[in-house]
Amino acid sequence: MIELDEFPHEILRTPQPLIGFYGLDLNQASNRKVWDVFTSNRGLDRHSLHFVNISGTSGSDFPPIKPKKANYEWYVPKGLLKKNWINKHQNVISSVVVLFFELNWQDPEIKEKSRICGEKVEQMRTALQGRGTKISVVLMQEESSRGENDSVTSFCAHCEISPRSLFVMGVKDQLLPSVIRLEAVLHELSQNYYHLEIKNVRGHKDGLNKASHMVLLIRHMFKLGYLNEMKNDLHSAQKAYQTAYALILESKLNDFNVVEYKTVAGYINYKICRLGFKLNLPRDAIAQFRKHLDNFKSKTGVPELGWEHSAWQSAQAAMFANLFLDAHRNGQLAIQTQHPGIYFQLAADYAVSRRKLAEEQCNQFTSYPEPDPLLDYTEFYGQRPWRPGKIEPVDMQREKEGIEALQYIERTKTKHSQLILKLQEAAVQQFLAFNSPRMKNQVQVQMAEELMIDQKYEDALKVLLECAEGYRNEGWLYLCTATLLKAIKCAFLTINLETYIQLCLDLTSVESECSLTDKLRIEQNLFLVMDLKPPLPEPSLTGKSERASVGQAAKLWKDKLESIGEICVTIPMVNSSINIIPNLPQSSKIGDSINLTLDVRNSTNNHVVVCSLSCKFNLTGFDEQCTISEPKSVDANSQIQVSLKLDTKSKHYGELLCVKSIRFKLENFDKILFTKELEGTKLYNIGCKLGPRDSNIEVECVGEPVVLIGEWFNFKLKLENKEESTAKDIEVFCWLRDGGDPLISDTTYLSTFPGFPASPTTPGGSQPLETMKSSVKLSSLPSNETDHISFFIRPSTLGMRAISCELRYTIELDGEPCVCSCCKVFQLEVSPPFSFNFSLLNQLLEETKQVVADESFLIVCEVSCISPHTLVVTGSRMDCRAPLKIENPTHSLEGSELCDNFKLEQGFPALVPDKDLFLQLESETINLGRFYLFWRRKFSDIVNETVFDLQSVKVSRSFLALKFTLPSFGILRTPAEVLYMLENKTGEVQEYSLTMDPSDSFMFSGPKQLRVKIFPKDICKVRCLLYPLITGNLFLPKLRIVPLGSGGVISLDRCGIVDEIISRTLPLQLLVLPLDKPSENQSNNVRNFELKEPTVIPNLPFVVHGKKTAKA
């Protein structure tokens, strides 16, 4: 029955609300345009609606309304689910009818046209009387316009419709926006319609019970599920379907009604699984399908129709596989152990079971019963045509004739192999997509068996050979052998001589898993065929169709072997009872002979003689050197080795010599040329790289290691020619041996010049163009002469650097140019040239860890030489980062010569302006920048650059800035003016108390105690005079500054900060010099004293001389 083999179209179709269009003449261009906008290009952004044009439909075209039943107490249903119910609600009965009418509000005949439209609405309302279908009116106008309230009210009164059911559409306007708005309203109306339909069905169901109305309960639950699908309430639909399915399982089944229940259960299961995938519940869908098959596994029905149950199982599995496949295409996740291919394979297995059962149960029927028992139409799904509307059989003779009719149709019209192969091909595609090669091979073997049953032996042979190769590659030799045994049957039946010999060679090899009996039989057939005699048939070809094919194949074998010419047989690559294995060295040098060995193996039980042995190569000039005409005898189950010498020429330099194929014949079997194709294989050593001749030019590094970090080191190579002739086209390549390591390649530059190129190789890159492989060329180097070349390497980190150097050149040998080469690796040690440190000094030249904004400080950079080479400094500079500002250094380092453990210092006056700092922060961390040192080796002109990063420093703001002016030294009994300047750095008035402590070394003139107020951003100056009383390095009178708060109270939280400002700003001591005794020619005017040149004053101790006493 077709309902068991496949699902009806109405079941597979996605339910959509049905909208009927009335009044659209599709022959008119404007009406066709409106119809196309509604029905074309319906994407996911639009409501799911199904439109049908019902123009010309009258009331008689709609199905009549069934009379309502008061109750179902005495109602006896004739079946489970009617065939026409789904089609009626999906294609006939509209949830909303839209009446299209052409009418403009300014039309002078608007009243007459309103009356005509009202008559059409009334006609449609009469046709749909008793149904809940909604009616709407769309007025098509040339341009959309808003009518007056009176006109709209009058029109709605004529048509007896609500103003909410009236719409206006401008035909010449953009239709899509109007259509989308109209669809939203139609969707809402259809939802109301289906809600009422669901309510009606649920009302009918409430009056039923399981004891008397089980069939009606199943039918009503299916209707509820389908109407909820139309309403797009998927959760409610799934719940209703699950209830209907559970009711089927509770029903009483027997051999006669099980088909109808299985059919409807299959449809409901399809709905449940489909909704499971749609609701993103794939595990629930899979579990439902498995339970579904288990539930009906034993419900086979009539024993004579056992194949029908297998057909139903196959259809269920195929249905679920297609559902799973559609869900996966729409984004549902599938894995290697759970994907559609598994269920396609399951469907194919059930189809195979169907074929086997059909062969057992249907072969004895050769005529179709009369009259035709399948002629009658059935109103319900799954019912037998010979007893429509009857669940139990009433005429056993008629029942028997119906069963015989089904068996006859199954035997004569069902193409089992086509059904099976279609499912198996779908499974293979899925196993390929989900990377399951072993499952793919298994299904392909089953496909080949089915093709053999269908007598398509050539197609089966292709599939089996492909599977055998897959098994061989994965190491499944037993499965490979079993597959080849099937393939040799196909080769025998198709009289494929070349493939038959290949399979015989494979199956009789040592690696084959064939039994000894099979090997002897196949080997016998092999030598029969090579002796041009027909082989014996395979013993397992005993089926009905196979026996007929064997007899025909025996005649064709004889005819083909009698008329055969010379044929070429390709022997298997690995497993062959007669095999030749080549072996070439991996590399050889120009001018040396290449030793090619051929292992000739014979694993048969017969003595063979190999003749006309030859090899084909990918390079010219070698084929002629590898031809053996002398016969080589090989005993049974033994092997011999044949060696050949191949001469190379200079033109083959750099080429890869490969054996492409081997050809040979066997004595007494001269019509068969055996070929072994080796091109592209990696199983044997068939490739030999032809390299250059060894070099006689010595390469030596004459540079001066150790290499220093940041230095462009001159990697100088000495070339000494010890050849007997001039070397030409000399080229030296250098590269980093460990260039694949990012720690080496990213920190090492190798170039032919000392410096970076103007344009890097990659955007943003800085390595030279020759980084990967640098080369230097020389035109020639005469014999016994020496030359030098240089490369330059610049490492930026510590560690050994291995430099690979390759030398290539050409010399004349025997009148032909010959390429020579050698390769050396040089190890270079890398060490740092300097160690670096820096410090910060305040205005008193005391070391500090932090600086204050607007206060000068000194950055002192200290460089220590740790290089084993003598270095010369050529310059230095410092790059600062904003907001730091620096001045010129205190002195220059240019020309300084450094040896090991020598140190250099350079100071840079610096200042951080307060205005450049963030206003909202009291302190800020800034980066000081970098210190650049330029240097070279003592006897080199290559200037290198070393960069030192300075650490960050914390910059803080101060509410008070203190400056101090004092002479560089004082003179005994000579007054010196001292100026103190206090600057308010804040936006508030500050008040301070200044007190000068007394001192025994100085007389003091000025305010000893002072109270000052400093306005915002203002400066207060305090002057005083100091009169030195003694000489020496004297402690100055200490100035005490006390911050005051409101009311003159001491601000304790600022006292410590002020003391810190005083300690880093004001000097503690002053050098006081004694008065010079004025000479007669020297003025004693200290005010005119001027120091024109720098003078170093040694800090010597004072010596007190005793007074001489006068003698009496």
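Residues are called buried under 20% relative accessible area, exposed over 50%, and partly exposed in between, with a 1.4 Å probe and protein chains only. By this scale aspartate 854, at 32% relative accessibility, counts as partly exposed. The structure is a predicted model, in which local features need pLDDT of at least 70, side-chain atom pairs count only at pLDDT 80 or more, and totals for chains, interfaces and linings use all residues. Residues are numbered from 1 along each chain as its sequence is written, and side-chain values use heavy atoms, with hydrogens and water left out.

Aspartate 854 is placed in the loop between β30 (850–852) and β31 (857–865); helices (H or I, at least four residues) and strands (E, at least two) are DSSP runs, numbered from the N terminus. The phi of aspartate 854 is near 70 degrees, a positive value in a residue other than glycine. Asparagine 41, also not a glycine, has a positive phi of about 55 degrees. Asparagine 41 belongs to the loop between α3 (29–39) and β2 and, at 73% relative accessibility, counts as exposed.

Strand β2 is part of an open sheet of five strands, ordered β2-β1-β3-β4-β5 with parallel pairing; two strands pair if DSSP finds at least two bridges between them. At the edges are β2 (50–53) and β5 (166–170), each of which pairs on one side only. Neighbouring strands of the sheet are turned by 25 degrees against each other on average, direction ignored. Axes are lines fitted to C-alpha atoms, for helices over the stretch in contact, and angles run from 0 to 180 degrees between N-to-C directions. Strands β1 (residues 18–22) and β3 (residues 96–102) run parallel and are joined by four bridges. Tyrosine 22 has leucine 99 in β3 as its bridge partner. Helix α5 (residues 110–127) packs on the sheet and touches β1, β3 and β4 (134–141), its direction making about 160 degrees with that of β3. Contact here means heavy atoms within 4.5 Å.

No disulfides are present, a disulfide being a pair of cysteine sulfur atoms within 2.5 Å. The sulfur of cysteine 467 is 10 Å from the closest cysteine sulfur, in cysteine 480, too far for a bond. For cysteine 688 the closest cysteine sulfur, in cysteine 658, is 9.0 Å away, also too far for a bond. Cysteine 467 counts as buried, at 0% relative accessibility, and cysteine 688 likewise counts as buried at 0%.
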